[in-house]
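Please have the sequence and the model open while reading.

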Amino acid sequence: MKKLVLLMMAVFFALVMFFACQGEAPQEEPAPEPEAAAPAETADADPADEFPGFDTLKEAADSEAWAPWFPIYVEYWEATEEMRMTTYGGGGRQEAEGMEIEKINYLELYPFLRTNYAGFPFSKGYYRSRGHIYALTDVIDTERLPDWDQRPASCMSCKSTDVVVGINEHGDDFYGKSFADVVGENTVGCLDCHDHQDASVKVQRDYVFEALAHDSFRHIDPEGRDDLTCAQCHVNYYFHEETRKPTLPWSTGLTVEDQLEHYNMDRRSDEWEHEITGALVAKIQHPEYELYHEGNNRNIHSRLGLGCTDCHMPQMEDDDGKQYSSHTWTSPLTHVEESCLRCHGNWGAEETVSKAESVQGKVYEKQNRIGRDLADFIKAVGEKIGNGDMSDEDLEKVREIQREAQFYWDFIWVENSSGFHNWQEAHRVLDNADKLIQEGMQIAN
Ligand code: HEC
Ligand code: HEC
Ligand code: HEC
Ligand code: HEC
């Protein structure tokens, strides 16, 4: 405990020194450019000032319909169509060379996934994620889900502005409808994050507020932050047993252990009996928001007050020097000038990217090694069961170990930043998975 206090004091002191050197305090929003003496825009008025609001949510669900008043934002949004390559994300992975970057097949790239997810649909189809504009197409095309009439509407929750319209009409009954009934033509867009009448930033999924009601954050106060819009989708979730409504497992907290505790209270929709071992395991979904802001370790960037929008939606300037927050959500490593250099100016662009990649590389190696180790463990247990060599007691033990280890490993593996969002926490969680797997291997061998 004393060590922890000392450590915290040391960190605090280091931060004070850092900002003393920088000469300014951290801010929630990107600092304005110092030379912000922008030319007065009297010549042509900003069309946004004329925005009358939409009469209906349905009209507003079409993101193109916002273009007359917000042309630049619509262009930015459309640009999520471009695939941008970086070493670990942004549309491609190092090992994916030679694969069509539009559709990188994780099951070919990481064959251990077929073992780890055996018996669950992710072992049938699993492609890397890409820009917002593809969200709807990708959920329509997936090989993972059953036919449209058997698929619940909840699969649309994170894929379309039509969900805002549907919830407004049907309330929570929306989620239990069939996918075929609700699927439309709109992908993730303006209405997911903005009010249709005054265009202000707005969280449009009430399951986020239900999760916030647990009041289980330790590091940040999430209320009123712009990046709560990202928590509508970039979080771990499962579907409520009866309503099929997305539910965020935050009842005791947001760390991986807290979430496992939540799952242990009851069986969830994303849990299944593992085909090879019979262990009850859970599928985690992209916990970017939780890993970035919470955890036993707190990442330096979250501590500085940065939110998702600071790195993923930095201020961009058009030819006239007018500023807009970027609406092309992609890897910040493709625009470090705008996202990082106001603090890491002394590193410069190239070094900032290489430092980030070096942080990612260590997590990436570890998450894949442990993914393979987990698969080996599962196979070893399967073999022993097959030979009839495993006592009931040992079987129960290895199943428990698999449940816990797989939960930890998956939490980091499916998080899309390859650990960048909170590398200390990523290592901590992976190391715990590692220890468990070794323990389990001893029983299995
Ligand atoms: C300090 C800057 C920073 C903040 C803040 C930040 N990210 Fe990231 N994010 C990154 C970097 C860097 C990557 C790695 C991109 C790469 O590998 O090319 C990344 C990757 C991602 C990816 C995967 C993108 C891809 O191209 O594969 C998603 C999704 C994402 N972040 C969402 C979020 C969300 C949601 C939040 C808020 C909870 C957030 N990020 C906060 C810097 C940041
Ligand atoms: C309504 C749901 C939704 C919201 C809100 C949302 N996202 Fe996404 N986001 C997605 C989905 C779905 C994908 C993956 C699409 C695909 O692969 O087809 C994605 C992809 C991304 C990617 C690109 C990942 C890649 O691998 O290229 C980034 C970066 C990202 N989101 C950041 C953010 C940030 C930052 C916010 C908050 C400002 C946000 N998103 C809000 C649903 C959402
Ligand atoms: C994933 C969430 C998300 C989506 C989708 C989205 N925005 Fe935004 N938008 C934001 C956030 C967050 C901000 C505030 C940016 C910041 O904090 O720097 C913002 C800022 C704006 C602003 C500046 C005014 C303000 O309220 O700060 C306008 C105008 C705007 N968005 C229009 C649009 C339009 C038009 C679309 C659709 C083409 C769109 N946005 C799609 C999240 C989103
Ligand atoms: C508000 C200021 C700020 C912004 C913006 C910011 N960082 Fe940082 N970052 C810091 C501070 C402070 C540290 C810790 C001290 C240090 O290592 O310089 C840090 C640490 C890091 C480290 C760890 C270095 C190491 O080896 O320990 C990496 C990598 C990094 N930042 C990359 C990025 C990237 C990439 C972006 C943009 C996507 C970014 N940062 C945006 C302030 C910032």
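Which residues does leucine 212 touch, not counting residues up to four places away in sequence? Leucine 212 touches Pro222 and Glu223, contact being two C-beta atoms, placed from the backbone, within 7 Å. This is a predicted model, in which local features need pLDDT of at least 70, side-chain atom pairs count only at pLDDT 80 or more, and totals for chains, interfaces and linings use all residues. Residues are numbered from 1 along each chain as its sequence is written, while chains are lettered from A and ligands numbered from 1 in the order in which they are written.

Leucine 212 lies in helix H10 (residues 206–212); helices (H or I, at least four residues) and strands (E, at least two) are DSSP runs numbered from the N terminus. Leucine 212 counts as partly exposed because it has 17 C-beta neighbours inside 10 Å, where 20 or more means buried and 12 or fewer exposed. Its C-alpha atom is separated by 8.9 Å from that of serine 251, 39 residues apart along the chain.

In helix H11 (residues 256–264), Val256, Gln259, His262 and Tyr263 are buried. Seen down the axis of H11, these fall within an arc of 120 degrees, so they line one face of the helix; the arc is taken over directions from the helix axis to the C-beta atoms. Their cover includes the elements below.

| Element | Residues |
|---|---|
| Strand E3 | 271–273 |
| Strand E4 | 280–282 |
| Helix H18 | 392–413 |
| Helix H19 | 423–444 |

Around ligand 2 there are 27 residues, the closest being Ser129, Asp138, Cys230, Cys233 and His312; near means a C-beta atom, placed from the backbone, within 6 Å. H14 gives the most to this shell, with three residues.
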